[in-house]
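Me: I am new to this structure and would like a close look at one part of it, the aromatic rings. Could you take me through them slowly?

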Amino acid sequence: MAIEIISGENAWSKDNQRNKTRRWPSRRNPERLYPIATPEAKVSFKIKPDEKIFCIGSCFANEISQALYRQHYDVLSIFHDLPKSEDSPFNNDSVFHKYNVASIYNELAWALDPEQPYCHDQALISIGEDIVQDYQLTGKQRSYSRELGETFRDAFNRAFSAIREADVVILTLGVSEVWFDKDTQRYLNVAVPHSLIKTYPERFELHVFDYETTSFYLNAIYQLLATHLKPDFRLLVTVSPIPLTYTFRQQDVFISNSYSKAVLRVTVEELVASKANVNYFPSYEFVTLSNPSAIWRHDDYRHVDSSFVDYIMGNVMAQFTDATDADHEKNLLLKVKSLYYGGFIKDAKKLLSLIRKNQKTSSTEVFLLWTAMNTGLSGKVKLLFFKCSSYFQTYRHLSFVQHIDSVLSIFRKLSKDALVGHVDHWDGQCLNGWACNQNSSKPVQIKVLLGKAVIKTELAALARPDVARHLGLKNENFGFKVPLDSSQVEGQLIRVVFAESGDDLNFSPIYIDSKVTDL
């Protein structure tokens, strides 16, 4: 069935011929494509500057929330006061990430539909004595006592219910590989770790969504919003440009990711064609068509740098609002920043010179950018320049004391990020693996937990040259081999955590059985 039928006359009409974006850019006129793409959305409604916006979806939705906040929009889906978990002391919006259409539907149904009330047993999964994890949120990344898990979930539900006030909902769709819980008959938000499969061997399955399943959930999401939000609500949808970290299918992750995004993109196009209050905005095209140097964060090839997200949303909102000349100038500055950050100095200087020439009065931001470009800042200083600028725009609401606390939290987080480790296997007598601090040559201490009780503390200091080569570290002494009483741990779920932070190593928790366990 066609999503749109155009007569031959209309297809070749003068109006269609006047569409300035109908032709693919050429090498002679590459401006809309190279080095940074500027696709245009098809707009059927407008957004007022003072309207309330709620973003929901993959991690890219959180980036959009922050970008819109930096551009002074009223964003409901940011800065949530949530309880702290003992092993995850930082309050951050990552718990609001919703990676697939089914988990988005679950959360919206619990928040909006009185006939589908939330129940803790639908979300919290026991992983040991009084320890639970919520696989509708971030799963193994956060562990709680049952009491704290329920308290955190209740606070999350209250924060998420702010969507009821939204005039505009922005939806970003992420993945098509979705885990299913046969006990609750619910799709989950995040992947189930191998240790949980060992604990509940028949409980979980991985489903690869096809077009029909994706379309079913996307239309169900729309119906929930249409039924319970304001009558004039509008929905902006996009496909997240963030690729899969890895695939569970027996094929290349490139191919799995391409399938996932294609299915999501097709279902979105069909929804947009059938609903007047639904529009698509091309964040996926902005990212995938642009030069990679200008878009990816400095530390990986998966997450879009915040300066480029600012550029995307500046352009998108200019199309969906009644943008002024000042707004268009701001968007040009955002493009300058992305070009400069990506190393396209010549293009950035050319565009900034044009802005300066057309400006009636020079702004502080233009002056700072011009100065930065003409003083030849190194890569690290340039990165610091952008991060500081982004930080103070995102957190402008904080007091001086809160800024200090926030900066200290960043340093604590950087310290935590340097801690890496892996539980390799249980050999029947010992728990084997490795753990290290990438910023220090000193061995780190790990703890082995049974429930809340620490049953072993060990220094990870055995030689692991294989891991040292993989991480590119000079020191190679960070392996561990922890002897455990098999009569005490067999049939139990064991956690291995960093003593310093309380965070689990990769592949922790691990289910200990009488057989040798390789992870």
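Reply: Happy to! Let us begin with a definition: rings of Phe, Tyr and Trp (its six-membered ring) pair if their centres lie within 6.5 Å, and planes under 30 degrees apart count as stacked, over 60 as edge-to-face and the rest as tilted. A pair of aromatic rings is described by the distance of the centres and the angle of the planes.

A word on the model: it is predicted, with local features needing pLDDT of at least 70, side-chain atom pairs counting only at pLDDT 80 or more, and totals for chains, interfaces and linings using all residues. Residues are numbered from 1 along each chain as its sequence is written, and side-chain values use heavy atoms, with hydrogens and water left out. Here pLDDT is the predictor's confidence in each residue, from 0 to 100. The protein chain averages 86, and 87% of the residues score at least 70.

Now to the rings. The whole structure holds 19 aromatic pairs. One of them joins F45 and F320, whose rings are tilted, at 5.5 Å centre to centre and 45 degrees between the planes. F45 belongs to the loop between α2 (14-17) and β1 (52-57), while F320 belongs to helix α10 (residues 306-320), so this pair ties together parts that are 275 residues apart in sequence. Those element names come from DSSP runs, numbered from the N terminus: helices (H or I) have at least four residues and strands (E) at least two. F45 is buried, with a relative accessible area of 9%, and F320 is buried too, at 0%. Buried means under 20% relative accessible area, exposed over 50%, and partly exposed in between (1.4 Å probe, protein chains only).

Helix α10 also takes part in another pair, through Y311. The ring centres of F286 and Y311 are 5.8 Å apart and the planes stand at 90 degrees, so this pair is edge-to-face. F286 is in helix α9 (residues 283-288), and the two residues are 25 residues apart in the chain. Both F286 and Y311 are buried.

Some rings gather in a group: Y105, F180, Y187, F209, F216 and Y217 form one aromatic cluster.

Finally, look at rings with a charge over them, meaning NZ of Lys or CZ of Arg within 6 Å of the ring centre and within 35 degrees of the ring normal. The charged end of R203 lies over the ring of Y200, 5.1 Å from its centre. Over the ring of Y280 sits the charged end of R265, 3.7 Å from the ring centre.
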